[in-house]
Amino acid sequence: MSSIAVSTTINGDDVEYLCQADETLLDVLRNRLGLMGSKEGCGTGDCGACSTIMDGRVVCSCLVLGAEAQGRSIETIEGMANGSELHPLQTKFIEHAALQCGICTPGFLMAAKALLDVNPEPTEEEIRFWLAGNLCRCTGYDKIVRAVQAAAAEMRGEAA
Amino acid sequence: MSFDAAYQSQKLKSVGTRPLRPDGVDKVTGRARYGADFNMPGQLVARVLRSPHAHARIVRMDTGAAEALKGVKAVVTAADLPDLTNGDAELFAVLDNCMARTKALYDGHAVAAVAAIDERTAKQALKLIEVEYEILPHVVDVDAAMVADAPILNDELFTGGVDPKPDTPSNVANRAEFGHGDVDAGFAEADFIVERSYKTEQTHQGYIEPHACVASCNPDGTAELWVCTQGHFVFRQNCADLLGLEVSKLRVTSSEIGGGFGGKTHVWAEPVALALSRKAGRPVKLVMSRDEVFRASGPTSATSIDVKIGAKADGKITAAMATLRYSSGPYPGMWAELGAMTSFACYDLENVKTVGFEVIVNRPKVAAYRAPSAPMAAFAVESAIDELAQKLGVNAVELRIKNAAREGTKSSYGPVYGPIGIGPTLEAAQSHPHMSAPLGKNQGRGMACGFWFNFGGQTCSDLNVNADGTVALAVGTVDVGGSRASLSLIAAEELGIDYKDVKAVVADTATLGYNDMTDGSRGTFSSSMATISAARNAIAIMRARAALTWDIPVEDVYWEDGHAKAAGTKYGNLSPLSVRDIAAESGNTGGPIAGHSELVADGAGVSFATHICDVEVDPETGATSIIRYTVIQDAGKAVHPSYVEGQYQGGAAQGIGWALNEEYIYGADGRLQNSGFLDYRIPVCSDLPMIDTQILEIPNPNHPYGVRGVGETSIVPPLAATANAVSNAVGVRMSHIPMSPPRILAALNAERD
């Protein structure tokens, strides 16, 4: 099978790669580009561990083909911090003990970032439904929701 | 060096605080490396061929075409994993489960595996392997497997624990009985008796990270294994045994682990990956798909349980009995035995008897799942206790308090309890505002108790004092939920230094002595004990170094607040020496400073919890919402309270999923029909409310700081708490878990008819 050449933007950088027609964006990120922060928990779009942001929208990168990234802008967990300065969501996840094993954490952070990008003041219910596509088996979600609330407050300039 | 583990009441400075976890930044930036995040030069990709049949004899297998495919470097079958188990039935079951030998025993049972240059080639090769099966009758239901004419899975299996020894094979692997007193006499004394049968369905641990490993066998007989596991030392032993390797030549490194909950305590793919690597002469990466995780890695038991409880009119229980049948997959385990031991552990009973039957079925080999076997037994018993309260017309909490076990109670499984937390958790529940909050239409409240043993076990730690006075702590228990933070707190506490000056890592099998795995809630309990011991050994050395520096007898040097101090006044004004001071001089006083510890962590304190659950049930659809949930549990001493709360909340959420949704669904053909997260639905964020927690601290007398394991007990009460809440909401006793909408509607309809 011949490869497809793709030009795209990942975390603000121009990136080019070759991929197979049936290869997922997740496999491209992990296996071709070394961006292994996105995790595969199911490969069928049910767990959200591979959540990335494509042109501002959360997608399961296991359900996007590598070839579909052509001309798009992709954000992954590796681009979330600004150098050594963590994003408020990253800081609050650590402070609120919102992760235990941590395998779901990159996906939750990407999904939560996409939420706060469009809704800086979400209610608890809005957070819970927005994050319903991301599975966590360790925390029972309590501390994740609180971390997102705290990050949102901090980003709005309120005392957390 | 001898180590005194006895609890000493003291003011703790570090333990009980909530610092940031050391692995936090790695995990929020995507840098933490899990099982699938590791690669080696020249690595191949492996895929496993699995039986599509629930029970079938493997008549013939031809791997020739697969081997001939360009890019395929090795194909293995059972022939490549010869039986080296030397009569060890348990180990043979592990081997047979890794790769079916003569029969496939469940849908998903591995029959062959391929290593190729890429995944596409490996998958293509699987299709070229020809397997001729003779399909045999199968049985997947625990009760159906026990009847006289059930298909027999193993002609060599005769029921153990019965006298005389049976002369015909059976799917009932074992009978185990516990209890004391005379239950017949006890029931004769009772004014009221409740009796009911219960069922629970099989669930999966549901860790988000599929099993993954990278295996590399070298031509010189050494080998390396990178793997997500709860116990790399145990995996090393199992893999070495199954492959005929010397233990010292196999180095196992545990990756970050993306959830385990008991499910990553057994080898599945690892011996296969090693066999492929050995045959191909190259490193091999094997990652399970989610479908494979469900079909072939350890679920919990399905159960069928009968409970009978009798009480006097004043609420005093006179007799309690349970018969418990647990499925164990196609190989015997000890699941029914654990269920029988835990059933009535919360109560002080004069007459109690439990009988467990271990039943083999054509389903995946059962693995531990968080307090394994206890949640189902608790569901049945705590439902019956609730029903008894209603029959007696007494408050359900008061009935439990009246009969609760206490210090000195002979437990239903044998031992006499020391100080325990069941009474205090019940009293805390009774006075909790949740218990008296008003309920709305279609809403109900339930509560339930739970018990788990907690394990100790073999543990080894190294504590190295660096030249700058900071401390490197190497532990051998895998960190499944924040234990590196807890153990760093423990080291800081014992040495009297700052938490930030301690860095804990999980060492690999080549760099630390043997450790049992992280199971039985033992990670923080046992490794903290080893860490305290190692720290005390390091302190002994630092005292000696201070004595040398001051040129005074070591007996006159004591340790306080992170400093060596000269005792009394006879040495004048010697300034205390800090860890930093002593470490800085270590090169001149005898070299590096380290404390080692090897111990068996005896005395894990038993653990109890009480949960309160409010639900709302939609009478039209049968759908249940959890509207409020409270966990009250004894931690002994909460080392890092945030992660203790996390264990409480996580266990509750898993139990709620088990109670309401999660279940393995098999077709008539014995094939699993819901091997994905879409159809096997674990709780999502919008399904749950905040989960309130209350940590009680009743010190464990057998740990210096009073620590008990906290990881598992939280999953024990939720099945019953939720079932009691639903039963109270709909007015019908729910006796079959999960209470999925169709099951609730069916119960409501049956009640109307």
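User: How many helices and strands does chain B have?

Analyst: Helices (H or I, at least four residues) and strands (E, at least two) are DSSP runs, numbered from the N terminus. Chain B has 20 helices and 27 strands. This is a predicted model: local features need pLDDT of at least 70, side-chain atom pairs count only at pLDDT 80 or more, and totals for chains, interfaces and linings use all residues. Side-chain values use heavy atoms, without hydrogens and water.

User: What does the radius of gyration say about chain B?

Analyst: The radius is taken over C-alpha atoms, and the globule rule is 2.2 Å times the number of residues to the power 0.38. For 753 residues, a compact globule would come near 27 Å; chain B has 27 Å, so the two agree.

User: What share of chain B is buried?

Analyst: Buried means under 20% relative accessible area, with a 1.4 Å probe and protein chains only. In chain B, 64% of the 753 residues are buried.

User: Which residues have the most contacts inside the largest nonpolar core?

Analyst: A nonpolar core is a set of buried Ala, Val, Leu, Ile, Met, Phe, Trp, Tyr and Cys residues joined through side-chain atoms within 4.5 Å. The largest has 155 residues, and A:F93, B:V307 and B:I309 have the most contacts inside it. Helix α10 (residues 374-392) of chain B gives the most to this core: twelve residues.

User: What does B:V307 touch?

Analyst: Contact means heavy atoms within 4.5 Å. Leaving aside neighbours within four places in sequence, the contacts of B:V307 include B:Y198, B:F344 and B:A384.

Methods: Residues are numbered from 1 along each chain as its sequence is written. Chains are lettered from A and ligands numbered from 1 in the order in which they are written. Buried means under 20% relative accessible area, exposed over 50%, partly exposed in between (1.4 Å probe, protein chains only).
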